[in-house]
Amino acid sequence: MVGDDPNPPSGWKPWLALALPMALGLALRIAAAQGDYWLDEAWAALFARDARTPGEMLLAIGHGHGDLLTIAWLQFVGWGGSPLLGRALSIACGTAAIGIAGLIGLRRGPGAALLTATMAAVSPILVTYGSEASGHAATLLALLASIWMVDRALFGRPLRHAAAWLSLAALLGMLAHVSMLSGVAALSGWVLIERGRHMPAGRALAATARLMGGPVAAAVAALLIVLLGTYAGADGPWIGGRAAFTWPGFLDALVHMLAFTIGWTPLIGLPMLALLLLPLTVRRKGPLADRAPFFLIAILGFPLLVALLRPDGSALPGYYLLVPVALLLLIADLLAALIAREKQAAAVAAGMILVAGLVADAAIIGSRRGDPGPAVDAMIRRAPGGAAVLLDHGADSAVLESAAASRVYQLLALESCAPARFVYLSSDGTRPLPLAALRCGAAFRPIAAGHAAGLSGMDWQLYERVR
């Protein structure tokens, strides 16, 4: 049995123990952050370049490109700056999140802390979001920090001014990505359930409001700021994407999110949904029951709520950031408890998850999100003085323009028929790209290509006019 310590060691000693998984996670995130910006990152960089006032930053969010923290960081980096530097904020947040995950596990014991941190270090979904220029990593850090503070407030030595720190985490997490709202809701539900176990309903509500009232207010305030930007945008509000809810899209997002949480990406399919039932295996009177309400709300309750409400934009794995965080913490809790009881199968399962995660990470690192930089490099070799390129999708313009800017290369992206030496086609991986392109009465042959592996990136192919 895992021996809980309500007052785990503080100071530098826990961080020293977690240094190895944090170093591993840092190395993986730096390796995964190579290459030029892909679609979402490139548009965030473009809007950061053009947004010169807070109002224009809100309009950028209204068009669905980036978040306040990412846009502010990319403005600091500058248009044409190093993509690695543009992703540095996410790398730092993603690495810090590994340490916080370890501190959450520390209440179960040093072994649980090490396992939790290592799983967070290698989980492909956390490596992905911890190495791209988006707000996901900052939200993951804020969410894990909030879980740690609530866990201490309920079962350990409460942090001083916990409500204020939770409010700050909720505000920053929401400004990075609106998925923080689901985390604040799940934590509030956990506090209410736990307080309700030990006091009358009225007192439980009051105690919950004292701890979580500030974070809820901060999350609502940040949501209003984001909504202001979305309604100010010319196309109206659309958080997380425009796509209307569909059952295939919803299920596809869930199975990809779950597979990339534990690294078992070759097994992507509906059986992955069984992981959502894992909180039901925690016994109500067992040693791990203290966190069971949170796991039940976050892992099972949240996807069920999405299925009930059917919101637009829910076909993206990033919509469900709360689920992989809670699932990793639960799996680490369960496996650490079984390993402490000398259950060899649990040790094998932990090893399989870590190895599978590293294999998936290697594929993500190798693909560089379908790095579009080689497309610009190919044009530079053939037309060093500058070039014009035809696009099928206008959204690809930001991808090529950002890559060209980092190389100080003159590139003109066109969507209509005009004399152009190159054609650039992209795909989300659901359809193959043609072996040759016919555009504006001319034939084009492929000269470079990129393929993305993982949750982020695009497949692309560059074609040159046949003379």
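Guide: This is a predicted model. The mean pLDDT of the protein chain is 92. Of its residues, 93% reach 70 or more.

Visitor: Where is the pLDDT below 50?
Guide: Over residues 234-241. That stretch still has 19 contacts in the model, beyond near neighbours in sequence.

Visitor: How should low-pLDDT coordinates be read?
Guide: Where pLDDT is low, the predicted coordinates should not be read in detail.

Visitor: On to cysteines. How many disulfides does a search of the whole structure find?
Guide: One. Cys417 is joined to Cys440, with 2.1 Å from S to S.

Visitor: Where do Cys417 and Cys440 sit in the chain?
Guide: In distant parts, 23 residues apart. Cys417 is in the loop between strand 2 (411-414) and strand 3 (422-427). Cys440 is in the loop between strand 4 (437-439) and strand 5 (442-450).

Visitor: Is the link of Cys417 and Cys440 left-handed or right-handed?
Guide: Left-handed, with -95 degrees about the S-S bond.

Visitor: And is Cys417 buried or exposed?
Guide: Exposed, because its relative accessibility is 58% and the cut-off for exposed is over 50%. Cys440 has a relative accessible area of 40%, so it counts as partly exposed.

Visitor: What about Cys93, buried or exposed?
Guide: Cys93 is buried, with a relative accessible area of 11%.

Visitor: Switching to charges. How many salt bridges does the structure hold?
Guide: The count is 17. Take Asp36 and Arg407 as one of them: their side chains meet at 3.0 Å, N to O.

Visitor: Which parts of the chain does the pair of Asp36 and Arg407 link?
Guide: Distant ones, 371 residues apart. Asp36 is in the loop between helix 2 (19-32) and helix 3 (39-50). Arg407 is in the loop between helix 19 (396-406) and strand 2.

Visitor: Why is Asp36 called buried?
Guide: Because its relative accessible area is 7%, and buried means under 20%. Arg407, at 26%, is partly exposed.

Visitor: Which Asp meets Arg407 at 2.6 Å?
Guide: Asp377, again in a salt bridge, N to O. Asp377 lies in helix 18 (residues 373-382), 30 residues from Arg407. At 27% relative accessibility, Asp377 is partly exposed.

Visitor: Are Arg107 and Asp151 buried or exposed?
Guide: Both are buried.

Visitor: Now the surface. Which residues make the nonpolar patch?
Guide: Leu26, Ile30 and Leu84 make a nonpolar surface patch of about 200 Å². Leu84 lies in helix 6 (residues 83-86). Its relative accessible area is 33%, so Leu84 is partly exposed.

Visitor: I also marked Ser123. Where is its place?
Guide: Ser123 is in the loop between helix 8 and helix 9 (124-129). At 2% relative accessibility, Ser123 is buried.

Visitor: What is Ser123 in contact with, leaving aside neighbours within four places in sequence?
Guide: Phe260, Thr261, Leu328 and Asp361.

Visitor: Last one, Leu414. Where is its place, and which residues does Leu414 touch?
Guide: Leu414 is in strand 2. Not counting residues up to four places away in sequence, Leu414 touches Ala388, Val389, Leu390, Leu391 and Pro419. Leu414 is buried, with a relative accessible area of 17%.

Visitor: And how many Å apart are Leu414 and Leu322?
Guide: They are 40 Å apart in space, C-alpha to C-alpha. In sequence, Leu414 and Leu322 are 92 residues apart.

Definitions and conventions: Residues numbered from 1 in each chain as written. Predicted model: local features only at pLDDT ≥ 70, side-chain atom pairs only at ≥ 80, totals over all residues. Heavy atoms only, no water. Disulfide = S-S within 2.5 Å. Helix = DSSP H or I, 4+ residues; strand = E, 2+ residues; numbered from the N terminus. Buried < 20%, exposed > 50% of the residue type's maximum accessible area, 1.4 Å probe, protein only. Patch = residues over 30% accessible without salt bridge, like charges linked within 9 Å, V, L, I, M, F, W, Y side chains within 5 Å. Areas by Shrake-Rupley, 256 points an atom, 1.4 Å probe, with all protein chains shown as cover. Salt bridge = Lys/Arg side-chain N within 4 Å of Asp/Glu carboxyl O. pLDDT = per-residue confidence, 0-100. Contact = heavy atoms within 4.5 Å.
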